[in-house]
Amino acid sequence: MNNVQTESCQVIGIAVRTTNENNQAAADIGVLWEKFMKESIPDAIPDKMDTTVYAIYTDYEKDHTKPYTTLLGCKVKNLDHIPDGMVGYSFNGGNYVKFTVKGDLTKDLVINQWLKIWEMDLGRVFTVDFEVYGEKAQNPSDAEVDIFIAVK
């Protein structure tokens, strides 16, 4: 875990409004990932910067215990052309704590780190948190994923 500054960016992808209450997010986000992969959403995103996939958590009603929006998408040069059925978001940069997890994505690697994060006193601001699935995440059984948590 280390402190980093991030820059502003724009992302296009698909989103769902969900909550961690009653494990609803586990179901909703699983369905979102399935749609993202099955429908080859990354291939349909115009003006992509690269093939890195971002899982973004934003529009928090209060904190991680209340509703929020999850977006799966890719960074883009602009939001001029958002395909039907997709959404575009513009995010400001800021102060973040970065966690890197390594291991098997099919064995709850990322959610297990989130369970730890929820218990930490990080000074979270609940603006935009995100996961980065780059080249090192291509092999699901031996993946590396970065998780960025917005802090004061």
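**Aromatic rings, pockets and cysteines in a predicted model**

Ring pairs join Tyr57, Tyr60, Tyr68, Trp114, Trp118 and Phe126 into a cluster. The structure is a predicted model, in which local features need pLDDT of at least 70 and side-chain atom pairs count only at pLDDT 80 or more, while totals for chains, interfaces and linings use all residues. Residues are numbered from 1 along each chain as its sequence is written, and side-chain values use heavy atoms, with hydrogens and water left out.

Rings of Phe, Tyr and Trp (its six-membered ring) count as a pair if their centres lie within 6.5 Å, and the pair is stacked when the planes are under 30 degrees apart, edge-to-face when they are over 60, and tilted in the rest. The structure holds 12 aromatic pairs. One of them is formed by Trp33 and Phe36, an edge-to-face pair with 5.9 Å centre to centre and 80° between the planes. Both residues lie in helix 1, 3 residues apart, about one turn of the helix. Helices (H or I, at least four residues) and strands (E, at least two) are DSSP runs, numbered from the N terminus. Trp33 is partly exposed, at a relative accessible area of 23%, whereas Phe36 is buried, at 0%. Here buried means under 20% relative accessible area, exposed means over 50%, and partly exposed is in between (1.4 Å probe, protein chains only).

Tyr57 lies in strand 3 and Tyr68 in strand 4, so the pair ties together parts that are 11 residues apart in sequence. Tyr57 is buried, with a relative accessible area of 7%, and Tyr68 is buried as well, with 4%.

The open spaces come next. A pocket is an open set of points on a 1 Å grid over the protein atoms alone, where a 1.4 Å probe fits, with protein on both sides within 12 Å along at least five of seven lines; lining residues have an atom within 4 Å of a point. Grid points are joined across faces, edges and corners, and a volume is the space filled by probe spheres set on the points. The largest pocket has a volume of about 1000 Å³. Of its 34 lining residues, Ile29, Trp33, Val110, Glu131 and Tyr133 are the closest to its centre. Helix 1 gives the most to this lining, with 8 residues. The second largest pocket holds about 190 Å³ of space. Its lining has 14 residues, and Thr6, Glu7, Cys9, Lys75 and Phe130 lie nearest its centre.

With a disulfide taken as a pair of cysteine sulfur atoms within 2.5 Å, the count comes to 0 disulfides. For Cys9, the nearest cysteine sulfur is that of Cys74, 11 Å away. Cys74 is buried, with a relative accessible area of 0%.

Phe91 counts as buried, at 5% relative accessibility. Leaving aside residues up to four places away in sequence, Phe91 touches Ser8, Cys9, Val11, Ile56, Thr58, Leu71 and Val128, where contact means heavy atoms within 4.5 Å.
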